[in-house]
Amino acid sequence: MDLMAELLDDLRAETESFETLLRPLGDDDWERPTPAEGWAIRDQVSHLAWFDDAAVRAVTDPDGHRAALAALSPPGGGPGDGPADGPGDGAGGGLADGGEGGWVDHLVREARGRTPAGLLAWFRTARARSIEVFATLGARDRVPWYGPDMSAASFVTARLMETWAHGHDVADALGVTRPPTARLRHVASIGLRARPYSFAVRGLPLPAEPVRAELTMPDGTTWTGGPGDAESVVRGPALDFCLAVTQRIHLSDTALEMTGHPAREWMEIAQAFAGPPGRGRAAVSG
């Protein structure tokens with residue numbers, strides 16, 4: 001299986017996992033608040049749907065996408081959908097508590113007039129169409145987005161990361177736990193590749209020392225990324241790492257172990273999504 005086929009299969013599976021949370025909900029449930037301040041479950045869904053529509057336009061009408069982008073004046077920088085190929089590479093549709101506010105919050109407010117059934121239909125249609133369009137691309141094809149262009153493989157990985165992270169918000173709102181899957185490798189990969197961006201978005205210099213990740217996957221295997229000879233290493237459960245880099249958990253509430261100052265310095269500000277620095281979550285443990 002080639003890379004794009006693998007990514008698209010996993011995006012379909014992550015989409016199904018997300019929809020599994022939504023299908024049983026009554027209308028009132030869509031108004032439940034999520035851990036993303038000011039966002040209900042409905043907002044998580046409309047956010048994903050809007051940027052899936054934007055993704056289709058970026059692929060099928062890149063000039064139209066760039067024109068729409070030029071018309072935006074987001075406060076504090078562009079939105080974020082996951083830096084992918086380098087510092088700041090990739091944007092659009094940032095995570096809800098990423099702190100971007102402004103026009104991203106405006107988009108979800110605009111969608112609040114839709115019924116739950118209408119929102120679910122919108123998401124399904126937009127996601128299906130985006131996957132159909134992504135399937136026409138090669139892994140290295142370039143796609144314009146809300147920042148520098150991204151490779152198609154990175155673009156799809158970012159969509160998967162977003163779906164997983166927003167799905168976690170919905171699951172938290174519902175008080176349910178989703179079993180972690182091997183798809184975490186994609187979130188871990190984009191989280192590690194976004195290390196330079198985590199510093200750049202805060203105006204901080206990137207430390208010269210490399211950092212390696214050695215993570216335990218749900219099936220007990222080990223996922224690794226980064227130089228094999230790096231002295232600074234992040235070790236622990238892949239789930240905890242993914243939650244940390246998407247700012248869905250406070251670092252102190254994870255079982256991650258960081259060897260070397262560069263590893264800890266990064267993990268304290270890790271951000272897998274583009275856009276302004278995220279506020280993250282408050283610590284639960286004492």
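Is Arg212 buried or exposed, and what is its relative accessible area? Arg212 is buried, at a relative accessible area of 14%. Buried means under 20% relative accessible area, exposed means over 50%, and partly exposed lies in between (1.4 Å probe, protein chains only).

This is a predicted model, in which local features need pLDDT of at least 70, side-chain atom pairs count only at pLDDT 80 or more, and totals for chains, interfaces and linings use all residues. Residues are numbered from 1 along each chain as its sequence is written, and side-chain values use heavy atoms, with hydrogens and water left out.

**Overall make-up**

- The chain holds 10 helices and six strands. Both are DSSP runs numbered from the N terminus: helices are H or I with at least four residues, strands E with at least two.
- Of the chain's 286 residues, 55% count as buried.
- Among contacts with a separation of 6 or more, 71% join residues 24 or more positions apart. A contact means heavy atoms within 4.5 Å.

**Nonpolar cores**

- A nonpolar core is a set of buried Ala, Val, Leu, Ile, Met, Phe, Trp, Tyr and Cys residues joined through side-chain atoms within 4.5 Å.
- The largest core has 62 residues. Phe134, Trp145, Val234, Phe241, Leu256, Trp266 and Met267 touch the most other members.
- Helix H6 (residues 152-174) gives the most to this core, with nine residues.
- Domain 1 (3-64 + 102-174) and domain 2 (183-268) both contribute residues, so this core lies between them. The domain bounds come from an automatic or database domain assignment.
- A second, separate core has 19 residues, including Leu22, Val45, Ala111 and Leu120.
- Val234 has contacts that include Arg212, Glu214, Phe241, Leu256, Trp266 and Met267, not counting residues up to four places away in sequence.

**Helix H4**

- Trp103, Val104, Leu107 and Val108 are buried in helix H4 (residues 102-110).
- These residues cover an arc of only 145° around the axis, which puts them on the same side of H4. The arc is that of the directions from the helix axis to the C-beta atoms.
- An α-helix has 3.6 residues a turn, so residues three or four places apart point the same way.
- The buried residues of H4 pack against helix H2 (41-60).

**Salt bridges**

- A salt bridge puts a side-chain nitrogen of Lys or Arg within 4 Å of a carboxyl oxygen of Asp or Glu. The count by this rule is 21.
- Glu16, Glu19, Arg23 and Arg124 are linked in a network of salt bridges.
- Glu19 pairs with Arg23 at 3.4 Å, N to O. Glu19 is buried at 10% relative accessibility, while Arg23 is partly exposed at 39%.
- Glu19 also pairs with Arg124, with the closest N and O atoms 2.9 Å apart. Glu19 lies in helix H1 (residues 3-22) and Arg124 in helix H5 (residues 116-134), so the pair ties together parts that are 105 residues apart in sequence.
- Arg124 is partly exposed, at 37% relative accessibility.
- Arg212 forms a salt bridge with Glu214, with the closest N and O atoms 3.1 Å apart. Glu214 is partly exposed at 25% relative accessibility.
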